[in-house]
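Subject: Structure for you to look at

Hello,

Here is the structure I said I would pass on. Please open it first and then read the notes below it.

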Amino acid sequence: MKVKWIHIKLPLLLLLVVFLFSFTANRNAARKMSGVEIEFADSNQLFITYEMVNKLLIQNQADTSGVRKDELDLNILEQALISNDMIQNAHVYLTVNGQLGAKVKQRKPIARVNTTVPFYIDSEGKPMPLSGVFSARVPIITGDVNKNDLDETFELSEYIQNDTFLKKHVVGIHKTGKSFELELRVDEFVVKLGDLENLDKKFFNFKAFYQKAIKDKSLSEYEAVNLKFNNQVVCTKK
C-alpha cells in the first residue's frame, strides 16, 4: 500500500508544481509596470534627457504605469532607443521590482563641423546632429568638409581627441583641400599642419618647439608655425 501511495503522491506533486509555476508566471506577466528606471553610461554630458528616453521607451505614451509586463516587447523598445540620433547603444530590461529599466550609451562627439547645417563628428567617424539639450566643447572644423567623406577630418579629430596635449590646446581645425591648419585655445599663431602624413613626427616636433618657446617666453612673438617640412618647425614672426 505504501508503494501505491507513493505512486499516487508523485504525480500529484508534479501537477501541483506545474500549477504553481504556471499560476506564478501568469500572475507575473499580468503585473503592471510601476515605472521606468533609466541609467546613462556617461551622465556628465547628456545630449538627450531622461524625459526623452522615457517617451521613447513607452512609445510616446505619457506614463508606463498600468502597462502589463506581457504587453512589452523589449526588442522593439531597444530599437526605438537605438534609432535616436543621440544614442549609440541601449539595453532594455525588466527589474525585479516591476520597473522597466534601460541602460543608455550616448554617441560621443569629438569635433563640430560648421557648415550651413552644423553637425558633430562622433567617435566612430559618423555625422551626428547637434543636440538641443547640451553643446559639446570640441574643436570647431571649417573649410572644405564633405559630410559624405569624413575620413581625413575624422582621422585628425580622433588624433587630437586621444592626445592630452592637443586636446587641451586645439580649439579649431581649418581644412583646405587635403591640407589642415590648427587654431589654439590661448596662443594667437596658426599651426600649419599640411596633410596628414607623418602626424606623429609633426606633433612631436611641435610639442618640442612649444615647450622651448614657453621657457623662452616667445610664444606671443609668432604669427604662424609651419610643420609641413620634414623634421623642421618653421616659424613666422609677427
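Two residues are in contact here when they have heavy atoms within 4.5 Å of each other. Keep in mind that this is a predicted model.

I began with Val 104, which lies in strand β3, residues 100-106. Leaving aside residues up to four places away in sequence, Val 104 touches Glu 39, Phe 40, Ala 41, Val 53, Leu 81, Ile 87 and Asn 89. Val 53 is 51 residues from Val 104 in sequence, but their C-alpha atoms are 8.7 Å apart in space. Buried means under 20% relative accessible area. Val 104 has 1% relative accessibility, so it counts as buried.

Next is helix α3, residues 74-82, whose buried residues are Leu 77, Glu 78 and Leu 81. They lie on the same side of α3, because they cover an arc of only 100° around the axis. An α-helix has 3.6 residues a turn, so residues three or four places apart point the same way. The cover over the buried residues of α3 includes α2 (50-57), β2 (87-94) and β3. On the face turned away from the buried side are the exposed residues Asn 75 and Gln 79.

Last, the rings. There are ten aromatic pairs. In one of them, the ring centres of Phe 209 and Tyr 222 are 5.5 Å apart and the planes are at 65°, so this pair is edge-to-face. Phe 209 is in helix α6 and Tyr 222 in strand β11, so the pair ties together parts 13 residues apart in sequence. Ring pairs also link Phe 165, Phe 189, Phe 206, Phe 209, Tyr 210 and Tyr 222 into a cluster.

Regards

Definitions and conventions:
Residues are numbered from 1 along each chain as its sequence is written. This is a predicted model: local features need pLDDT of at least 70, side-chain atom pairs count only at pLDDT 80 or more; totals for chains, interfaces and linings use all residues. Side-chain values use heavy atoms; hydrogens and water are left out. Helices (H or I, at least four residues) and strands (E, at least two) are DSSP runs, numbered from the N terminus. Buried means under 20% relative accessible area, exposed over 50%, partly exposed in between (1.4 Å probe, protein chains only). The arc is that of the directions from the helix axis to the C-beta atoms. Rings of Phe, Tyr and Trp (its six-membered ring) pair if their centres lie within 6.5 Å; planes under 30 degrees apart count as stacked, over 60 as edge-to-face and the rest as tilted.
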